[in-house]
Amino acid sequence: MDNIEIQEYLPHRYPFLLVDRVVEVESGEHIVGIKNVTINEPFFQGHFPGRPIMPGVLIIEALAQLSGILASVTKSIRPALDGYMYYLAGMDKTRFKRPVVPGDVLRMHSKVLHERREMMKFECNAFVAEDLVCTSELLVAGRKV
């Protein structure tokens, strides 16, 4: 999926759309996406001047957005057309292993762990090259808007 198709699955727009590309998706199973981290990101102005680091909460948000795409693909929903959205409802076992800095390519993986009605739980990992930078289990909840 390119950026245009991603926007059919997510309500987010610049500067808060944190998935640039989906390179692999298997409905009900897993998804792999990319976030190109550039010095032009607005959060780098204040986090931190002279030592820019992508905030951990935004890495989690990027993983949640990717998981929301997988949830929508799995349920055959296009939120922009169907008036339905997935929200981040919880996280467990979250760990950050190393900083993400401008120039890094964040490769994100999300795998379905459980699915029950409108709730889905995912095992998520983010990498820069071969280095694991973040791991978390995320819970998303679907709601009509």
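A residue counts as buried when its relative accessible area is under 20%. Keep that cut-off in mind for the views below, which all come from a predicted model.

**View 1. Strand S2 sits among its neighbours.** Strand S2 covers residues 30-36. Of its 7 residues, 5 are buried, so S2 is largely enclosed by the rest of the structure. On one side, S2 pairs with S1 in the antiparallel sense over 5 bridges. S2 also pairs with S4, again antiparallel, here over 7 bridges.

**View 2. A hairpin joins S1 and S2.** Here you can follow the chain through the 3 residues between the two strands.

View 3. Strands of a sheet pair through backbone hydrogen bonds, either parallel or antiparallel. In this open sheet, 6 strands are arranged in the order S1-S2-S4-S5-S6-S3, with antiparallel pairing. Strand S1 (21-26) and S3 are the edge strands, each pairing on one side only. On average, neighbouring strands are turned by 20° against each other, direction ignored. Helix H2 (residues 56-74) packs on the sheet, where it touches S1, S2, S3, S4, strand S5 (119-128) and strand S6 (131-144). The direction of H2 makes about 50° with that of S4.

**View 4. Two tyrosines meet edge-to-face.** Searching the whole structure turns up 2 aromatic pairs. In the pair of Tyr84 and Tyr86, the ring centres are 5.6 Å apart and the planes stand at 75°, so the pair is edge-to-face; planes over 60 degrees apart count as such. Both tyrosines, Tyr84 and Tyr86, are buried.

**View 5. Asp104 is tucked into a loop.** Look for Asp104 in the loop between strand S3 (84-96) and strand S4 (105-116). Its relative accessible area is 13%, so Asp104 is buried. A polar atom of the Asp104 side chain lies 2.9 Å from the backbone nitrogen of Val101. Leaving aside residues up to four places away in sequence, Asp104 touches Lys35, Asn36, Val37, Arg98, Pro99 and Val128.

Technical notes:
Residues are numbered from 1 along each chain as its sequence is written. This is a predicted model: local features need pLDDT of at least 70, side-chain atom pairs count only at pLDDT 80 or more; totals for chains, interfaces and linings use all residues. Side-chain values use heavy atoms; hydrogens and water are left out. Rings of Phe, Tyr and Trp (its six-membered ring) pair if their centres lie within 6.5 Å; planes under 30 degrees apart count as stacked, over 60 as edge-to-face and the rest as tilted. Buried means under 20% relative accessible area, exposed over 50%, partly exposed in between (1.4 Å probe, protein chains only). Helices (H or I, at least four residues) and strands (E, at least two) are DSSP runs, numbered from the N terminus. A polar contact is a pair of N or O atoms within 3.5 Å; within protein, one must be able to donate a hydrogen and the other to accept it, and residues adjacent in sequence count only if both atoms are side-chain atoms. Contact means heavy atoms within 4.5 Å. Two strands pair if DSSP finds at least two bridges between them. Axes are lines fitted to C-alpha atoms, for helices over the stretch in contact, and angles run from 0 to 180 degrees between N-to-C directions.
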